[in-house]
Amino acid sequence: MARVKGAMMTRKRRNKTLKMAKGYWGAKSKHFKMAKQAVYKSGTYAYVGRKLKKRDYRRLWITRISAAVAPYGINYSRFMYGLKQAGVDMNRKMISELAINEPEAFAALVETAKKAIA
């Protein structure tokens with residue numbers, strides 16, 4: 001049986017890593033050893049970034065809702081509590097979209113929350 005040499009698969013694996021490192025500055029895009037480290041680290045940052053993105057959007061929606069309910073003389077936490085008491089099951093993204101695009105519907109939502117609290 002013939003001996004199998006691994007040069008082809010090794011080259012493929014290295015080229016794949018170098019392709020992922022395209023656009024990196026200096027030797028990080030040319031030398032396999034440095035490219036491997038840079039790609040590994042960027043993968044870690046990407047993973048963390050995907051988690052942070054969710055937090056950032058939630059913070060944005062909460063800020064928008066808070067700003068939208070302020071003119072009605074109620075704060076964010078009381079508003080959300082009122083919605084929960086009224087049995088309105090809407091996520092923060094949809095509530096913030098309502099506040100921006102449909103102020104009349106949002107005003108009705110605020111009134112519902114106020115009635116449920118009182």
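## The nonpolar core

A nonpolar core is a set of buried Ala, Val, Leu, Ile, Met, Phe, Trp, Tyr and Cys residues joined through side-chain atoms within 4.5 Å. With that in mind, let us look at this structure, which is a predicted model. Its largest nonpolar core has 15 residues, and those touching the most other members are Val69, Phe79, Leu83, Ile95 and Phe106. Two or more residues of this core come from each of H2, helix H3 (76-86), helix H4 (92-101) and helix H5 (103-117). As a general background, nonpolar side chains in soluble globular proteins tend to be buried together.

Setting aside neighbours within four places in sequence, leucine 83 is in contact with Val88, Ile95, Leu109 and Ala113. Of these partners, Ile95 is also named among the core residues that touch the most other members.

## Aromatic pairs

Next come the rings: the structure holds three aromatic pairs. In one of them, tyrosine 57 and tryptophan 61 have ring centres 5.9 Å apart and planes at 35 degrees, so this pair is tilted. Both residues sit in helix H2, and because they are four residues apart, about one helical turn separates them. Tyrosine 57 has a relative accessibility of 43%, so it counts as partly exposed.

Phenylalanine 79 and phenylalanine 106 also make a tilted pair, with 5.7 Å from centre to centre and 50 degrees between the planes. Here the pair links distant parts of the chain, since phenylalanine 79 belongs to helix H3 and phenylalanine 106 to helix H5, 27 residues apart. Are these two phenylalanines buried or exposed? Both phenylalanine 79 and phenylalanine 106 are buried. Together with Tyr72, they form one aromatic cluster.

Leucine 52 is located in helix H2, which spans residues 32-69. Its relative accessibility is 36%, and leucine 52 therefore counts as partly exposed, since that class lies between 20% and 50%.

## Around threonine 112

Our last stop is threonine 112, a residue of helix H5. At 33% relative accessibility, threonine 112 counts as partly exposed. Which residues does threonine 112 contact, leaving aside neighbours within four places in sequence? The partners are Ala86 and Val88. Val88 is also a contact of leucine 83. As for spacing, the C-alpha atoms of threonine 112 and tyrosine 81 are separated by 11 Å, while the two residues are 31 residues apart along the chain.

How values were computed:
Residues are numbered from 1 along each chain as its sequence is written. This is a predicted model: local features need pLDDT of at least 70, side-chain atom pairs count only at pLDDT 80 or more; totals for chains, interfaces and linings use all residues. Side-chain values use heavy atoms; hydrogens and water are left out. Buried means under 20% relative accessible area, exposed over 50%, partly exposed in between (1.4 Å probe, protein chains only). Contact means heavy atoms within 4.5 Å. Rings of Phe, Tyr and Trp (its six-membered ring) pair if their centres lie within 6.5 Å; planes under 30 degrees apart count as stacked, over 60 as edge-to-face and the rest as tilted.
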